[in-house]
Amino acid sequence: MRHIVGAEQFTRMTLDELMKSARSFEKGKRNIIKDKILATLFYEPSTRTRLSFESAFIRLGGSVISTENAKEFSSAAKGETVEDTMRVINSYADVAVIRHCDAGMVARAAAVASIPVINAGDGPGQHPTQALLDLYTIYRELGRLDNLKLTLVGDLKHGRTVRSLCYVLGNYTNISLVFVSPPELSMNDDIKAHLSQQGIAFNETTSLEEGIKDADVVYMTRIQKERFRTEEEYQALKGRYVLTRTLADSMKNKAIIMHPLPRVDEIQVEVDDSPKAVYFKQAAYGVYMRMAILKYVLE
Ligand code: NCD
């Protein structure tokens, strides 16, 4: 059975297959699934991830059942373990998309699942399907996934999207990375060790101006408010990096600006109509990639 738990599970061959499949869905392919049910179980807030998975499954021809606030409205509020919840969903649906507040919890659900389980974000752990749609966005916008300079900006410590993105980038050649973050929010050692092992060069800086100047892709992220112990700690780091229109214009001509969204204050709205800004397109590409992902796990 195919679960999607962590982005390190993907090989170049699978990634190529998923890109191709997403492209065929973008070109109009749909309704390839009959009589199947997707369950979405979200213990943490979400707009794009849950709705795009649901939209994707309906476009594929399937049906959807959902709890959008599982922390309060599912039996977790009564003290049920994620394993017991999963044992029940096994008989209600054919595939489950789960977002949880704690790292490792989706893997625990997958361990007792008899249907494919997809990790839609597990606390500060990973967000593998976001990494896949990020790759698809780069592929569609720049036409390549090798030979890229990427700059990841913001809360690299708690941000699960950038963690998963680093894992999938390990499959490509001639990739170099720049991490821009305050020292308190720098990329964790597990990811750095993985990149070194994959032979991917990375540099760290605290300067946004410095970090973005040679980039083909600037990937902005939100300071992850919900991961801080106190409001003061969050406030001290919030607003540290703001991509202004002037800064966006200073980037290389063909460079793109990405963001998994939601944005708080890290990209000024004046950047939105820059031809480099692709973050809303990125959310749209997500539906096609999630169609490809759902097809892949059900095959
Ligand atoms: C991200 C997430 O949930 O990790 N959002 C998303 O899925 N598009 C990023 C974030 O919340 O900052």
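**Exercise 1. Locate Pro-262 and describe the peptide bond that joins Leu-261 to it.**

Solution. Pro-262 sits in the loop between strand 9 (256-258) and helix 12 (279-298), where helices (H or I, at least four residues) and strands (E, at least two) are DSSP runs numbered from the N terminus. The bond between Leu-261 and Pro-262 is a cis peptide bond, with omega of about 5 degrees. The model is predicted, so that local features need pLDDT of at least 70 and side-chain atom pairs count only at pLDDT 80 or more, while totals for chains, interfaces and linings use all residues. Residues are numbered from 1 along each chain as its sequence is written, and side-chain values use heavy atoms, with hydrogens and water left out.

**Exercise 2. Describe the largest pocket by its volume and its lining.**

Solution. Begin with the volume, which is about 370 Å³. On a 1 Å grid over the protein atoms alone, a pocket is an open set of points with protein on both sides within 12 Å along at least five of seven lines, a cavity is a set where a 1.4 Å probe fits but cannot get out, and lining residues have an atom within 4 Å of a point. Of the 20 lining residues of the largest pocket, Arg-99, Arg-160, Arg-222, Leu-261 and Pro-262 are the closest to its centre. Next, trace the lining: helix 2 (48-60) and helix 7 (160-169) each supply at least two residues, and at least three come from each of domain 1 (7-127 + 286-298) and domain 2 (128-283), whose bounds come from an automatic or database domain assignment. By class, the lining of the largest pocket has 4 nonpolar, 10 polar and 6 charged residues, with Ala, Val, Leu, Ile, Met, Phe, Trp, Tyr, Cys and Pro counted as nonpolar, Asp, Glu, Lys and Arg as charged, and the others, Gly among them, as polar.

**Exercise 3. What is the volume of the largest cavity, and which residues line it?**

Solution. The volume is about 60 Å³. The lining of the largest cavity includes Val-153, Met-220, Arg-240 and Asp-265, and its classes divide into 4 nonpolar, 3 polar and 3 charged residues.

Note on methods:
Points joined across faces, edges and corners; volume = space filled by probe spheres on them.
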